[in-house]
Amino acid sequence: MKLGCIADDLTGATDLALMLAREGLKTVQTIGVPDASLDLSGADAVVVALKSRTIPAQEAVEQSLAAANSLRAAGAQHLFFKYCSTFDSTDEGNIGPVAEALLSFTNSDFTLACPAFPANGRTVYKGHLFVNGVPLSESSMKDHPLTPMRDSNLVRVLQRQTGCSVGLVAFEDVEGGPDAIRKAFDREKAAGHQIVIVDAITDSHLRAIGLAAAELPLITGGSGVAMGLPAAYRGDHASVASPSGVFDAPAGREAILAGSCSSATRRQVEIAIERGVPAFRIDPMDLASGKLTSQAVLAWIGAQETGGPVLVYSTATPDEVQDVQGKLGRMNAGEMVERVLAEIARALPALGFTRLLVAGGETSGAVVGALGVDALTIGPEIDPGVPWTRTLAGTDLALALKSGNFGAPDFFLKAWNMLR
Ligand SMILES: Nc1ncnc2c1ncn2[C@@H]1O[C@H](COP(=O)(O)OP(=O)(O)O)[C@@H](O)[C@H]1O
Ligand SMILES: O=C(O)[C@@H](O)C(=O)COP(=O)(O)O
């Protein structure tokens with residue numbers, strides 16, 4: 001296996017697995033650290049999906065090291081640590097502490113950190129992260145329910161999280177191509193830095209960075225920086241066609257579970273409702289008071305006669321989220337919503353639902369955990385960063401796990417057209 005990947009959330013893992021598969025590596029995604037009984041021998045890349053983005057840093061380190069050990073035991077030659085293209089984290093972590101622990105694990109003293117993903121509007125210039133042209137700290141990520149991002153300068157953000165010294169390989173070096181980037185790595189290393197934020201504005205920057213970084217024992221970033229790795233590992237530079245636009249899926253009903261409160265998901269919920277998708281809104285305060293239970297939502301789902309998808313969502317505006325968090329606490333509110341969406345998901349296969357679309361990284365982690373899914377195969381791309389996937393074992397399900405901020409406004413409607 002060329003590349004062993006550790007992703008800090010589930011949608012991030014599918015995003016990375018799609019990138020690697022699209023660029024020609026045979027890729028399998030596991031949910032959690034793979035069981036030794038899972039045969040990974042045919043894979044060029046394995047992506048282990050954790051749910052470690054917002055847990056205490058020490059636990060995130062322990063889980064990441066357990067994943068690293070198992071990937072190493074399965075033959076991984078290089079490790080990739082995948083986090084969010086909007087660098088979702090807090091001053092406590094978990095990007096810095098996990099990167100630091102994986103540097104020690106790989107016995108190396110240097111890595112890069114590059115969350116850029118231009119296809120989804122994430123670019124890095126002079127170390128500052130932009131989201132659709134707006135500085136991170138002014139984007140909707142400033143109001144994320146769990147990891148509000150209030151500083152766009154990634155050198156500063158990462159430096160607050162780690163004892164490693166953080167440097168910068170800026171645009172001018174990246175424009176120079178792989179050799180210039182390698183020289184810049186050497187320069188930053190000589191200056192005493194162990195981690196460098198790397199600028200990238202275009203896919204060609206990402207491909208150049210991939211070629212320059214391919215031989216590092218540890219690479220960290222968003223899925224974008226993995227774009228150039230398959231070509232480097234395959235020893236050629238040809239781009240490989242995406243998996244075909246149609247996907248074989250088990251017959252059955254369709255449901256959408258949305259726990260993301262991102263601006264993209266809010267719009268997708270709005271459009272789905274406008275276009276007549278039956279929708280049930282979960283109010284966290286009703287969960288807290290006991291007025292609403294998963295049983296009531298399941299009864300509503302069971303009563304929907306529509307031939308198309310049904311939507312259950314807790315998606316709310318930043319003001320609503322702030323209000324709820326003020327009353328229930330940030331983590332408690334999030335966990336309460338995740339728990340109920342997970343309970344609903346667990347009951348769906350028995351009601352004939354085999355095609356599920358889940359919006360939100362933490363939400364997807366909770367839902368897929370409840371469904372008992374161990375591993376996924378990666379299908380075609382619905383929108384940049386979001387593929388259809390199918391369970392490798394256990395209950396046969398087609399799953400689209402959508403990062404909160406990804407997908408076109410009509411994502412909840414069009415995704416189903418790719419299933420056969
Ligand atoms: N109405 C709400 N009020 C407070 N928290 C919420 C609400 N709806 C969802 N959440 C929580 O917000 C978090 C959203 O995170 P996540 O699912 O990762 O979405 P995203 O992909 O947009 O980051 C989850 O923990 C979820 O349970
Ligand atoms: O890199 C990205 O933006 C995604 O792959 C991702 O990790 C998003 O996480 P969520 O927004 O929590 O789904």
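In the predicted model, contacts between residues 24 or more positions apart make up 73% of the contacts in the protein chain that have a separation of 6 or more. The protein chain comprises 15 helices and 18 strands. Its radius of gyration is 20 Å, close to the 22 Å that the globule rule gives for 420 residues, and the chain is therefore as compact as a globular protein of that length. Taken along the principal axes, the box filled by the C-alpha atoms of the protein chain is roughly 65 × 45 × 35 Å, and 54% of the 420 residues count as buried.

Helix α3, which spans residues 95–105, is mostly covered, with nine of its eleven residues buried. The buried positions in α3 are I95, G96, P97, V98, A99, E100, A101, L102 and L103. The cover over these buried residues of α3 includes the helices α2 (57–73) and α4 (154–159), together with the strands β4 (78–82), β5 (111–114), β10 (195–198) and β11 (218–221). Just after α3, residue N107 adopts a positive phi of about 55 degrees.

With regard to annotation, an unreviewed UniProt entry assigns residues 255–412 to the feature "domain: Four-carbon acid sugar kinase nucleotide binding".

Key: Residues are numbered from 1 along each chain as its sequence is written. Chains are lettered from A and ligands numbered from 1 in the order in which they are written. This is a predicted model: local features need pLDDT of at least 70, side-chain atom pairs count only at pLDDT 80 or more; totals for chains, interfaces and linings use all residues. UniProt positions are given in the numbering used here, feature names are shortened, and annotations may be inferred rather than shown by experiment. A residue is buried if 20 or more other C-beta atoms lie within 10 Å of its own, exposed if 12 or fewer, and partly exposed in between; C-beta atoms are placed from the backbone. Helices (H or I, at least four residues) and strands (E, at least two) are DSSP runs, numbered from the N terminus. Two residues are in contact if their C-beta atoms, placed from the backbone, lie within 7 Å. The radius of gyration is taken over C-alpha atoms; the globule rule is 2.2 Å times the number of residues to the power 0.38.
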